[in-house]
Amino acid sequence: MRALYWKEINAFFGNLSGFLILAVFLISLGLIVWVFPDSSVLNYGFADLETLFLFTPYVFTFLIPAITMKMIAEERRSGTWELLRTSPLGTFQIVMAKYLSALTLIIIALLPTLVYYFSIVQLGDPVGNIDHAGFFGSWIGLHLMGAVFAAIGLFCSSWTSFQMVAFIGGVFLSFLLYFGLTALVQLQVMSPLALFLEELSLSFHFESMSRGVIVAENVAYFLSIIILMLGFTMIGIRRK
């Protein structure tokens, strides 16, 4: 598993596309948080990073499927999947090695955003005038959201041999789980199921964590979706 884990990490950083994906992610967030006048915290006037946590899910919807789309699909297309399946690794070990490598890349992408936190701490009046619990609750929520999107992306990659199909499927399912269910709640025809759909949406639990209180039911929700998607991934691999 360790060898496969490092293989995925090296494959991501072994070409320009990996660095380009991370650069686009960080630059786009930096422009949104600090530069664009409609969303800049400098124009907002409050020591708050709500803008960061408002727009990061939009970027994650495309970033994480781009990371996971080739983890299994490319193996099948290039013909190395048969070699991997005949190695002394079970289906569970293969899936977990690839999933943990995706989580590592997500953590690497999010670590530089701590610079925003320390910048806002210094810009506060007085210094340190920021909702620390709210920030770290939201920041942890971003990691859990990224973990869910990674499981979805890996699931889509396991059911096809085409990277673009895996990418589109990952974007669609991630968008549906975070934005789509919330949009359905706002439709009058869905009112009988409104509460159920709202509690099923990823945004509902992420916003709950952004208040600075980490509740067991929110963490259990994220873990349940991750386990479900990884289970479907292993089913897809065995069916193939």
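1. Let's start with Phe36, which sits in the loop between helix H2 (16-35) and helix H3 (41-44). Helices here are DSSP runs (H or I, at least four residues), numbered from the N terminus. Phe36 counts as partly exposed because its relative accessible area is 39%; the cut-offs are under 20% for buried, over 50% for exposed and partly exposed in between, with a 1.4 Å probe and protein chains only.

2. A word on the source: this is a predicted model, where local features need pLDDT of at least 70 and side-chain atom pairs count only at pLDDT 80 or more, while totals for chains, interfaces and linings use all residues. Residues are numbered from 1 along each chain as its sequence is written, and side-chain values use heavy atoms, with hydrogens and water left out.

3. Now the salt bridges (a side-chain nitrogen of Lys or Arg within 4 Å of a carboxyl oxygen of Asp or Glu). The count is 5. Glu8 and Lys98 meet in one of them, at 2.3 Å from N to O. Glu8 belongs to helix H1 (residues 2-13) and Lys98 to helix H7 (residues 91-110), so this pair ties together parts that are 90 residues apart in sequence. Lys98 is buried, at 0% relative accessibility.

4. Lys98 also bridges to Glu75, at 3.1 Å from N to O. That pair links distant parts of the chain, since Glu75 is in helix H5 (residues 73-78), 23 residues from Lys98. Glu75 is buried at 6% relative accessibility. Through shared partners, Lys7, Glu8, Glu75 and Lys98 join into one network.

5. Lys7 is partly exposed at 41% relative accessibility, whereas Glu8 is buried at 9%.

6. On to the rings: Phe, Tyr and Trp (its six-membered ring) pair if their centres lie within 6.5 Å, and planes under 30 degrees apart count as stacked, over 60 as edge-to-face and the rest as tilted. There are 18 aromatic pairs by this rule. Tyr5 and Trp6 make an edge-to-face one, 5.2 Å centre to centre with 80 degrees between the planes. Tyr5 is buried at 18% relative accessible area, but Trp6 is partly exposed at 46%. Elsewhere, ring pairs link Phe55, Tyr58, Phe175, Tyr178, Phe179 and Phe206 into a cluster.

7. Last, a loop residue: Ile214 lies between helix H12 (202-209) and helix H13 (216-239). Ile214 is partly exposed, at 44% relative accessibility.

How values were computed: Helices (H or I, at least four residues) and strands (E, at least two) are DSSP runs, numbered from the N terminus.
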